[in-house]
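Trainee: I would like to learn how to read a structure feature by feature. Can we go through one together?

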Amino acid sequence: NLLTLTGGTVTGNSSCTVTVNVTSATGGVYNNNSGNITTTNAGTTTGAVGTLTVMAPPTVAKAFTPSSISIGGVSTLTITLTNPSATQAVTGATFTDTYPAGLVNAATMNATTSCSGGTVIASPGGGSLALTSGTIPAGGSCSVSIDVTSASAGAYNNNTGTVATANAGNGSAASATLTVQPQPSIAKSFSVTGITAGSPST
């Protein structure tokens with residue numbers, strides 16, 4: 001975390017450059033001051049300040065609304081992408097969400113996104129949802145939603161997969177579960193199936 005230069009010479013009416021690669025494992029805004037520059041024959045010069053913004057990957061949340069439906073019912077799947085950076089937008093947000101077998105997009109999908117510039121890729125009856133090239137605003141969030149359904153009862157645990165970006169690394173996947181309830185069954189019987197006129201049967 002320290003860079004030092006000693007014994008450097010700058011010829012008349014010219015300049016020199018010191019270059020080093022830096023990195024950070026934590027997102028944030030880093031203001032760096034070089035400190036004063038001292039010389040043996042030209043006095044002391046005030047240091048320079050530079051700012052590096054390190055983008056943290058977006059956080060991802062996923063939900064089904066409602067989280068439980070009957071066979072053939074419709075639930076809205078919503079994936080929300082949040083940008084932890086207060087100063088810069090996350091660009092190029094892209095993911096592909098492949099559903100578990102038996103879960104499909106509804107015939108009327110109502111597929112939308114609030115991620116600026118993003119394109120939603122999905123088809124009625126298809127088993128996936130994708131977003132390409134979305135922008136998540138600085139300090140804000142955007143979402144992708146679509147209506148889904150299933151013709152079979154069960155618990156459908158769905159994972160978004162990794163969310164890739166152009167300038168903030170990859171966001172971790174998020175998951176949610178949609179429960180599709182079986183339709184009720186009705187049974188009917190008579191205790192006595194053959195009776196005389198006026199006799200009772202339960």
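The dialogue below takes a few features in turn.

Trainee: What should I know before reading any values?

Mentor: This is a predicted model, so local features need pLDDT of at least 70, side-chain atom pairs count only at pLDDT 80 or more, and totals for chains, interfaces and linings use all residues. Residues are numbered from 1 along each chain as its sequence is written, and side-chain values use heavy atoms, with hydrogens and water left out.

Trainee: How many salt bridges are there, and which side chains meet in one?

Mentor: Side chains of opposite charge can pair when their charged atoms come close. The rule asks for a side-chain nitrogen of Lys or Arg within 4 Å of a carboxyl oxygen of Asp or Glu. Here the count is one salt bridge. Lys62 and Asp97 form it, at 2.5 Å from N to O. The pair links distant parts of the chain, 35 residues apart: Lys62 sits in strand β5 (residues 59-65) and Asp97 in strand β8 (residues 90-98). Strands are DSSP runs of E, at least two residues long, numbered from the N terminus.

Trainee: Are Lys62 and Asp97 buried or exposed?

Mentor: Both Lys62 and Asp97 are buried. Buried means under 20% relative accessible area, exposed over 50%, and partly exposed in between (1.4 Å probe, protein chains only).

Trainee: Which residues form the nonpolar patch on the surface?

Mentor: First, the idea. A patch takes residues with over 30% relative accessible area and no salt bridge; like charges are joined within 9 Å, and nonpolar side chains (Val, Leu, Ile, Met, Phe, Trp, Tyr) within 5 Å. Areas come from the Shrake-Rupley method with a 1.4 Å probe, and for residues only the protein chains shown count as cover. Here the members are Leu3, Leu5, Val18, Val20, Val22, Tyr30 and Leu52, with about 660 Å² of accessible area together. Take Tyr30: its place is in strand β1 (residues 28-33). Tyr30 is partly exposed, at a relative accessible area of 35%.

Trainee: How much space lies in the largest pocket, and which residues are closest to its centre?

Mentor: A 1 Å grid is laid over the protein atoms alone; a pocket is an open set of points where a 1.4 Å probe fits, with protein on both sides within 12 Å along at least five of seven lines, and lining residues have an atom within 4 Å of a point. The largest pocket holds about 1,300 Å³. It is lined by 35 residues, and the closest to its centre are Leu3, Thr4, Leu5, Val18 and Ser34. Elements giving two or more residues to this lining are β1, β2 (37-38) and β4 (49-54). The largest share, five residues, comes from β4.

Trainee: What is the lining of the largest pocket by class?

Mentor: The lining has 14 nonpolar, 21 polar and no charged residues. Ala, Val, Leu, Ile, Met, Phe, Trp, Tyr, Cys and Pro count as nonpolar, Asp, Glu, Lys and Arg as charged, and the others, Gly among them, as polar.

Trainee: Where is the cis peptide bond, and what is its omega?

Mentor: The bond from Thr65 to Pro66 is cis, with omega near -5°. Pro66 lies in the loop between β5 and β6 (68-70).

Trainee: What is the phi of Asn13, and what is the phi of Ser133?

Mentor: Asn13 has phi near 55°, a positive value in a residue other than glycine. Asn13 lies in the segment before β1 and is exposed, at 85% relative accessibility. Ser133 also has phi near 55°. Ser133 belongs to strand β12 (residues 128-136) and is partly exposed, at 44%.

Key
Helix = DSSP H or I, 4+ residues; strand = E, 2+ residues; numbered from the N terminus. Points joined across faces, edges and corners; volume = space filled by probe spheres on them.
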